[in-house]
Amino acid sequence: MRRQITGFSNPTVKLLRSLRDKKQRRLHGRFLAEGLRLLTDARTHGRLPEMLVMAEGRADHPLLEALEADVLAAGGEVIETSAEILSKITGKDNTQAVAGVFGQWDTTLARLDRTAAPIWLVAQALRDPGNLGTMLRTGDAVGAGGLILLDDCADPFGVEAVRASMGAIFTQQLAQASWEEFIGWLRSGDGQLVAASLTPGSQPYRGAPYRGPCFVLVGNESRGLPAEYEAACDLHVTMPMRGSADSLNAAVAAAVLAYEVLASVAP
């Protein structure tokens, strides 16, 4: 029922290690996720790993037993290996006792239903995978429909982004598009595009006239939003900065805005 791997040079180990590289993830259409809690969240939301990799000597757990049974029933593969090999696969010194290999899914805009939620998060050229994962986690917390990534963002299926999402990669809808694709899609239906901005006429973010479906847009960590992107927004809001910093972290700004929007547009 299980396959044992004992060598670092095993072809399967080499394949799994390669999934830490973006180019290889795209080539194989697969990505890694680690930890029983995260894999259980995936299972709860209808996504099973194609391959389950477990460390020898791990503690027994009913959730892991249920996960293994479902993977095998679905025709997946279960591998048992040493903690050292699993650590090499995930690239983490203190690795969890279990990891999974998942198939990447369709991330085109066309599959999104904008009416499914009153709030959506949108990120442009977000480069930090930790910020990306945090935005997914924020979206889950506020009941957002999902996260739309514009232009050249970090890979949402990278190990760091998946880890930072704390399982929200499996609960949130995810789309990737260019700005031109996104703005064309947005204007083809209902939707308010909102950005934090210092442009003249920006309103205080508290009590601004938000309406759903509301798309909260944040820009690149260092450059912010391009001027033409800001100009296309329906509402510009400003958040007070009372210290010496001139801006918030991109993921933090998205969270602050999302909770304010939630108070206005959520049923």
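Helices (H or I, at least four residues) and strands (E, at least two) are DSSP runs, numbered from the N terminus. The model is predicted, and local features need pLDDT of at least 70, side-chain atom pairs count only at pLDDT 80 or more, and totals for chains, interfaces and linings use all residues. Residues are numbered from 1 along each chain as its sequence is written, and side-chain values use heavy atoms, with hydrogens and water left out.

**View A. Met166 in the loop between helix 7 (159-165) and strand 8 (173-177).** Although Met166 is not a glycine, its phi is positive, at about 55°. Met166 is partly exposed, with a relative accessible area of 37% (buried means under 20%, exposed over 50%, partly exposed in between; 1.4 Å probe, protein chains only).

**View B. Ala125 in the loop between strand 6 (119-124) and helix 6 (129-142).** The phi of Ala125 is near 55°, a positive value in a residue other than glycine. Ala125 is buried, with a relative accessible area of 4%.

**View C. The cis peptide bond from Gly212 to Pro213.** Omega of this bond is near -5°. Pro213 is placed in the loop between strand 10 (203-204) and strand 11 (214-218). Most residues other than glycine have a negative phi, and most peptide bonds are trans.
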